Every structure is written in structure tokens, then in C-alpha cells.
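Hello,

Here is the structure I promised to pass on to you. Have a look at it first, and then read my notes below.

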Amino acid sequence: MQDPELDILIKELEAVRDMSIADFDGVVHALRFLLPDSAVVRNLTAEQASTTDYAMLVADDAYANWSVHIRGRANDKDGHWRCTLRENDSHDSDAAIGVGRAPVLAQAILAAVIRLAMAQK
């Protein structure tokens, strides 16, 4: 699925260091559209979406038993986080992989989730 609005949202997640709660409200709406069966997303608030703990809960609920790889350096300017979601950690034959890169870890995770959900729609 390609949606220009979702592409813009991913770019914002990956580029902006200090996203506002209003920006995260857009992320929540996108997640609800892409992952309508997720109980975590159904009850997610914009404030929660901005935190790494809840971003991981979203990934875990939407893609249970998938591998989550997080790499980064907390001491780099603006952080440099990368999150990869893979269905099978031991093979390179995944039908879809979610990848997100951002200055904030929660945003990298959410970008990866949104990319993967878009690929699977």
C-alpha cells in the first residue's frame, strides 16, 4: 500500500527530533488505520505513542513473535537509532521487513511498524 500521507508521516518520524503531541496524534490515527485489530493501538494515546515503552508494546502486539533489532548510539548528536522488524531472524526470506531510522528510539520503532503495516496492506 502506498499512501502519500503515510509516507510524509514516516519522513517526519525519521527526521524530527522534537515531535509535538499533535504530531503523535497523527501517528496514532495512522496506526489505527493500518492495525485495526490491535488492542494496544485501539487504546493508545498520543502521549503514550511518544514513549519507547509504548512503541515497543505496539510492535509486540501487532507483530507478536517477530524479531525486533534495535541499534544505535545514545551518545551521538540527535541519536542515531535503527529498528528492524523481521518475521524470521534466521533466514533472509522474509516477505516483508519493517525498517525505521530516527533520532529518537520510539520514533524509529514506530516508523518500522508503519512501514511494515503498509507493506502488508
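R82 has R101 of strand 3 as its bridge partner. Strand 3 covers residues 98-102, and strand 2, residues 81-86, pairs with strand 3 in the antiparallel sense over five bridges. Strands here are DSSP runs of E with at least two residues, helices are runs of H or I with at least four residues, and both are numbered from the N terminus. Two strands count as paired if DSSP finds at least two bridges between them.

A word on the source: this is a predicted model, in which local features need pLDDT of at least 70 and side-chain atom pairs count only at pLDDT 80 or more, while totals for chains, interfaces and linings use all residues. Residues are numbered from 1 along each chain as its sequence is written, and side-chain values use heavy atoms, with hydrogens and water left out.

Now back to the strands. Strand 2 also pairs with strand 1 (residues 67-71), in the antiparallel sense and over five bridges. On that side, S67 stands opposite R86 of strand 2. On the other pairing, L85 stands opposite G98 of strand 3. Five of the six residues of strand 2 are buried, where buried means under 20% relative accessible area, exposed means over 50% and partly exposed lies in between (1.4 Å probe, protein chains only). Strand 3 is largely enclosed by the rest of the structure, because four of its five residues are buried.

Of its 121 residues, 40% are buried.

What sits in the largest nonpolar core? This core has 38 residues, and V27, L31, L85, V113 and I114 are those with the most contacts inside it. Helix 1 (4-15), helix 2, helix 4 (46-49), helix 5 (52-62), strand 2 and helix 6 (105-120) each give two or more residues to this core. Helix 6 provides the largest share, 12 residues. A nonpolar core here is a set of buried Ala, Val, Leu, Ile, Met, Phe, Trp, Tyr and Cys residues joined through side-chain atoms within 4.5 Å.

L85 is worth a click: leaving aside residues up to four places away in sequence, its contacts (heavy atoms within 4.5 Å) include A59, W66, I97, V113 and L116.

Helix 6 itself is mostly covered, with 13 of its 16 residues buried. Its end C-alpha atoms are 23 Å apart, which agrees with the 22 Å that its 16 residues should span at 1.5 Å a residue; the expected span is 1.5 Å times one less than the number of residues. A117 has its C-alpha atom 9.7 Å from that of F33, although the two are 84 residues apart along the chain. F33 lies in helix 2 and counts as partly exposed because its relative accessibility is 44%.

Is S38 buried or exposed? S38 counts as buried, because its relative accessibility is 6%. Its side chain makes a polar contact with the side chain of D61 at 2.4 Å, and the side chain of S38 also reaches the backbone nitrogen of V41 at 3.1 Å. A polar contact is a pair of N or O atoms within 3.5 Å; within protein, one must be able to donate a hydrogen and the other to accept it, and residues adjacent in sequence count only if both atoms are side-chain atoms.

Best wishes
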